[in-house]
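Try each task before reading its solution.

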Amino acid sequence: MKDSALREVVEGFKEIGIEAVCALPESRFKELYRELSRSPDFTYVPVTNEGEGVSIAGGVGLTGKRAVMVMENSGLRVACEALARLGLTHGIPVMMMMPYAGDFGEQFSWGIAHGITMEPLLKSLRIPYFIVRREEDIRGTLVRAQRHMNSSRYHVAVILGREVFDETV
């Protein structure tokens, strides 16, 4: 991940009052995970799977604190049941951030399936999402996502496109 984009994410999380970061580390955000886990501004919660992570993030929200689940977009497939129960059954919202593995121009064959399934899954769960293509849009998108989550009391997803996290676009 570009250093400048990393700073925008971290500062954006601070701006919207994120206190806890649940994460299942993966390679595209490796620098982000390292930074978030070292920062005194966040409680960093590593998880064993994405369903567990969104559940913990939702639980943090019940305490009145703000949390985000940072994960690879393939993890959305694992998190679907937890997201459906939290959002549709209990009205407990979760903010997610993920890179767009499988984005147009993907260089790894294994990433294609992640891209093919992500948007249809978000749509089927009726989770509003925004794909950020420019670094300068990261903070504003996080602010809008937090505002939308607060008013809708439902999940939101912020997806970082290749242009934001990849030096080789």
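**Exercise 1.** Which residues lie nearest the centre of the second largest pocket, and how many residues line the second largest pocket?

*Solution.* Start with the ground rules. This is a predicted model, where local features need pLDDT of at least 70, side-chain atom pairs count only at pLDDT 80 or more, and totals for chains, interfaces and linings use all residues. Residues are numbered from 1 along each chain as its sequence is written, and side-chain values use heavy atoms, with hydrogens and water left out.

Next, the term. On a 1 Å grid over the protein atoms alone, a pocket is an open set of points where a 1.4 Å probe fits, with protein on both sides within 12 Å along at least five of seven lines; lining residues have an atom within 4 Å of a point.

Now the reading. Twelve residues line the second largest pocket, and Ser27, Arg28, Gln107, Phe108 and Phe165 lie nearest its centre. The second largest pocket holds about 180 Å³ of space. Its lining has six charged, four nonpolar and two polar residues. Helix 2 (30-38) and helix 7 (162-165) each supply at least two of the lining residues. Helices here are DSSP runs of H or I with at least four residues, and strands are E runs of at least two.

**Exercise 2.** Which element gives the largest share of the lining of the largest pocket?

*Solution.* Begin with the volume: about 210 Å³ lies in the largest pocket. Of its 16 lining residues, Gly61, Lys65, Pro93, Met149 and Arg153 are the closest to the centre. Helix 3 (50-62), strand 3 (66-70) and helix 6 (138-152) each supply at least two lining residues. The largest share, four residues, comes from helix 3. By class, the lining has eight nonpolar, five polar and three charged residues.

**Exercise 3.** Why do helix 4 and helix 5 count as roughly parallel?

*Solution.* Take the axes, which are lines fitted to C-alpha atoms over the stretch in contact. Those of helix 4 (residues 75-89) and helix 5 (residues 109-124) come within 9 Å and cross at roughly 25°. Angles under 35 degrees count as roughly parallel, so helix 4 and helix 5 are roughly parallel to each other. The contact residues divide into six nonpolar, two polar and one charged.

Note on methods
Points joined across faces, edges and corners; volume = space filled by probe spheres on them. Nonpolar A, V, L, I, M, F, W, Y, C, P; charged D, E, K, R; others polar. Axes fitted to C-alpha atoms, helices over the stretch in contact; angles between N-to-C directions. Parallel < 35°, antiparallel > 145°, perpendicular 65-115°, else oblique.
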